[in-house]
Amino acid sequence: MATPLRPLMMLRLLAGRGVFRLGTQAMAVALLTAWGTATYGDYANAWGTCSWLLFLPTAAEKAALKILPRTRLTTAAVAGLTLRIAAAPVVVLAAALVTALVVLPASSLVTLYLLAGMWSASTGLLMTVAGLHRLRGRPALDATAFTVVAASVAATTTLTLVVGLSPTTHLLVLVSAVAVVIAGSLAVLPTEWLRAPLPRRRRLTHAFARSTVLLGVTELLDAITMSSLFIVFAVSGRIVDSGPFHLMLLAAGVLCSIALYQLKLKQPVTSMSLRGTQGATGRRRAARLLRTTELAGIAFGLVLGAALLVPATRHVVLAGAEVPPSAVGYAVLAVLVVVEIAASIALIYGGYLVENTDSRVLSLTASAAALRLVATVACACALVPSLGAVGGFSALVLGLTAEAAALRRLLRRAHPDTPPELSRPTRASGSIPGNQ
C-alpha cells in the first residue's frame, strides 16, 4: 500500500481533480452572469459558509492514508472504520435535507444552506472513497470518479444558463449527481471493507479515532476559518462582497487543493519514510519553512499598514473594496490571492511533514490551526467593514502568519532536539518524498 504511483498515473489523477476544480471555478463565473450580484451573493454565502463540511469526511481519509500503509493484519477493519466515519456526516445532513424539502418552501434559505452543506460533505465522502481505491491499487477509479463529477458540474451549469434554474434547484441537481457517483464508487470496493465489523480490539478503534480527530481537525479548522469570513461579511452588512471574495477564493482554492491532493498521493510513502528517527528530518525542514512563512507574513502586514497610511496607495487598496471591483480592484485582489496561495501552500506542506512523523505532534498542528481561526476572525472584524474583500484576504494572510509562528514554536517546544537552526539533513538521513 506504500508503493509510489507511476508518473503517468500521477498526471492522470491530478488531471481528474484539476478538471473538477476548474469546472467549479468556471461554474462560479457563469452563475454570476446568470443570476446577478444579489442572488449570487446569497448562493456564494451559502457555499462559503458550508464549505468546511467537506473536511468532516476527509479526516478519515487522512488517517487511513497514514495508518493503512503501516498495518497489514487490520486492513479491512481500518477501512471499514474509515467508511463509517466518513459517511456519518453525510447521512445526518441527508436526513435534515429531506425534512427541509418536505416541510419548508423550495426557496427557503435553510434549504439552500443544507444543500450547500450536502454538496460539500458528499464531495468529501467521495474523496475518502477515492483515497481507499488508491490504497488498494486502483487509482484510476479516483480519476474516473472526479472526471464524471466534473462533467456533471458542466452539464448542470449549462442547464442553469439555458433554463434558468434557481440556486436551490441547481444545488439539488449537483447533489443528486455526486450521490450517484458515490454509490458507484462504493459498489466496487472490496466486500470485506464494506461489511467489516467493528474491531474487537478497542485499542485499535480508539487509536484510529484519535488520529482521525487530530489529523482532521486541522483542515476542519482551516475550513471553518474560511467560512467564518463569510459570516463576518454578513454581520458587517457587506454580504454583496461575498461574490467577488468567493470568486477569488475559488481561484486560490484550485491551486491549494491540487497541492494538497498531490501530497495525499505521496502520503503512504511519506508515512513509511518519516517513521522513528527519520521524523527529525521532516521536522527540521518544516521548521525552516514555517520560519520563512512567518517572516514573509510580518513583511506583508507592514506593507499593508504603510499602504493604508499613504493617501495615494490607500486609494488603490480601496479599489479592491468596490462592488463590483474595477480593473484596478481586481488587480489588487489578484496580488492578495497570490500572497495567500503562497502562504497557504507553505503551511500545508509544513503541516504535512509534521503530521507524518509521530503521533505526539498531531495536537500541535490542531492547536496552531485553532490560533489561526482566532487571529483571522479578529483581523477580519477589524478590516472587512472598511476594506471588504481586500480585508478578507488580508485577514487570511495575517492568520496564516500567526499559525506559522505558533506551530514553529510549539514544534521546538515538543522536540527541542531538532530546532530549525540545525544543519540541513544529509544524504545519509534519507530523503522526504515530495521534496524532489
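Leaving aside neighbours within four places in sequence, Glu294 is in contact with Thr401, Ala404, Ala405, Arg408 and Arg409, where contact means heavy atoms within 4.5 Å. The structure is a predicted model, in which local features need pLDDT of at least 70 and side-chain atom pairs count only at pLDDT 80 or more, while totals for chains, interfaces and linings use all residues. Residues are numbered from 1 along each chain as its sequence is written, and side-chain values use heavy atoms, with hydrogens and water left out.

Glu294 lies in helix H10; helices (H or I, at least four residues) and strands (E, at least two) are DSSP runs, numbered from the N terminus. With a relative accessible area of 8%, Glu294 is buried; buried means under 20% relative accessible area, exposed over 50%, and partly exposed in between (1.4 Å probe, protein chains only). The side chain of Glu294 also makes a polar contact, at 3.2 Å, with the side chain of Arg409. A polar contact is a pair of N or O atoms within 3.5 Å; within protein, one must be able to donate a hydrogen and the other to accept it, and residues adjacent in sequence count only if both atoms are side-chain atoms.

Helix H10 (residues 279-309) and helix H13 (residues 362-414) cross at roughly 145 degrees, and their axes come within 8 Å. Axes are lines fitted to C-alpha atoms, for helices over the stretch in contact, and angles run from 0 to 180 degrees between N-to-C directions. The crossing of H10 and H13 is left-handed; this term applies if the near helix is turned anticlockwise from the far one by less than a right angle, and right-handed applies if clockwise. Among the residues that make this contact are Arg283, Glu294, Gly297 and Phe300 of H10, together with Leu387, Thr401, Arg408 and Arg409 of H13. The residues of the contact of H10 with H13 divide into 13 nonpolar, 5 polar and 5 charged. Here Ala, Val, Leu, Ile, Met, Phe, Trp, Tyr, Cys and Pro count as nonpolar, Asp, Glu, Lys and Arg as charged, and the others, Gly among them, as polar.

The crossing of H5 and H6 is right-handed. The residues of the contact of H5 with H6 comprise 9 nonpolar, 6 polar and no charged.

Helix H6 also holds Leu172, which counts as partly exposed at 32% relative accessibility. Not counting residues up to four places away in sequence, Leu172 touches Leu101 and Leu115. From Leu172 to Met118 the C-alpha to C-alpha distance is 9.2 Å, although 54 residues separate the two in sequence.

Pro57, in helix H2 (residues 55-67), counts as buried at 0% relative accessibility. Beyond its neighbours within four places in sequence, Pro57 is in contact with residues including Ala86, Pro89, Ala121 and Thr128. Pro57 and Ser122 are 65 residues apart in sequence and 8.2 Å apart in space, C-alpha to C-alpha.

The protein as a whole contains 13 helices and 0 strands. Of its 436 residues, 54% count as buried. Among contacts with a separation of 6 or more, 84% are between residues 24 or more positions apart.
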